[in-house]
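Biologist: I am new to this structure. Please take me through it, one question at a time.

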Amino acid sequence: MVLKLAAALSGLVLILFVGFHLTTNLLLWRGAEALDRAAIALHNQVWLPAAEAIVLTAIAVHFLTVLILAWRNRQARGPQAYAQWQSKQTSWLRWAANSTVISGSGLAVFLLVHLQGMRWREHDPSQTSSLILQTLQQPAIALLYGLGAAVLALHLSHGLRSMARSLGLFYPQWAIAGQRVAIAIAISLGIGFVSIIALANRTLI
């Protein structure tokens with residue numbers, strides 16, 4: 001129970017971070033100045049280092065707890081029971097559930113690479129939009145970020161539903177609707193990040 005709660009709460013922190021991060025970056029659609037103003041304001045906040053520490057801690061806690069829970073669940077169910085459980089999931093959710101550890105590991109590595117290139121790299125906050133555009137205009141980097149957005153959508157399709165269940169927000173009668181909402185939110189977040197990649201490369205056309 002403690003592990004499930006830790007996984008759910010750390011996952012919630014990370015989802016809030018992803019949502020906030022995407023919302024800020026979507027300002028690029030309003031123009032470079034809008035994003036740069038937001039970046040300057042954010043970098044001037046005294047709570048930013050503490051928030052970053054919380055996010056990094058949440059990454060570590062979430063990764064470890066999900067890894068342990070996935071191993072325990074597989075051992076507890078056994079091959080036959082596990083196969084029956086899988087058959088009750090939609091193909092997308094079954095795929096998402098099966099790849100939770102792999103997709104989560106990939107996202108953790110991707111996030112650290114992203115922070116290294118965007119946040120921890122020395123740059124003027126007033127030039128944040130230029131940094132993002134120049135980075136995403138590199139074909140290999142754009143492909144990497146696109147893949148990261150797809151993996152994020154896949155991971156959250158299962159993660160959002162699991163988090164709701166662990167926090168006591170999941171009810172059997174809402175199972176189908178909950179699956180659809182989880183998939184819709186996950187795909188929307190993925191599309192949001194892909195749209196930034198598309199915007200960055202549209203300037204080259």
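Biologist: Among contacts in the protein chain between residues at least 6 apart in sequence, what percentage join residues at least 24 apart?

Modeller: Contact means heavy atoms within 4.5 Å. This is a predicted model, where local features need pLDDT of at least 70, side-chain atom pairs count only at pLDDT 80 or more, and totals for chains, interfaces and linings use all residues. Residues are numbered from 1 along each chain as its sequence is written, and side-chain values use heavy atoms, with hydrogens and water left out. Among contacts between residues at least 6 apart in sequence, the share joining residues at least 24 apart is 81%.

Biologist: How many helices and strands does the protein chain have?

Modeller: Helices (H or I, at least four residues) and strands (E, at least two) are DSSP runs, numbered from the N terminus. From that end, the elements run α-α-α-α-α-α-α-α. The count is 8 helices and 0 strands.

Biologist: What share of the 205 residues counts as buried?

Modeller: Buried means under 20% relative accessible area, exposed over 50% and partly exposed in between, with a 1.4 Å probe and protein chains only. Of the 205 residues of the protein chain, the buried share is 38%.

Biologist: At what angle do helix 2 and helix 6 pack?

Modeller: Axes are lines fitted to C-alpha atoms, for helices over the stretch in contact, and angles run from 0 to 180 degrees between N-to-C directions. The axes of helix 2 (residues 32-43) and helix 6 (residues 128-136) are 7 Å apart, and the angle is about 115°. Ala32, Leu35, Asp36 and Ala39 of helix 2 make the contact with Thr128, Ser129 and Ile132 of helix 6.

Biologist: Which residues does isoleucine 132 contact, leaving aside its neighbours within four places in sequence?

Modeller: Isoleucine 132 is one of the residues that touch the most other members of the largest nonpolar core. Beyond those neighbours, its contacts are Asn25, Leu28, Leu35, Met118 and Ile196.

Biologist: Is asparagine 25 buried or exposed?

Modeller: Asparagine 25 belongs to helix 1. Not counting residues up to four places away in sequence, asparagine 25 touches Leu35, Ile132 and Ile196. Its relative accessible area is 11%, so asparagine 25 is buried.

Biologist: How are helix 1 and helix 7 oriented to each other?

Modeller: Their axes are 9 Å apart, and the packing angle is about 130°. Angles under 35 degrees count as roughly parallel, over 145 as roughly antiparallel, 65 to 115 as roughly perpendicular and the rest as oblique. Helix 1 and helix 7 are therefore oblique.

Biologist: How does valine 101 count by relative accessibility?

Modeller: Valine 101 sits in helix 5. Not counting residues up to four places away in sequence, valine 101 touches Leu67 and Ala70. Because its relative accessibility is 26%, valine 101 counts as partly exposed.

Key:
Core = buried A, V, L, I, M, F, W, Y, C linked by side-chain atoms within 4.5 Å.
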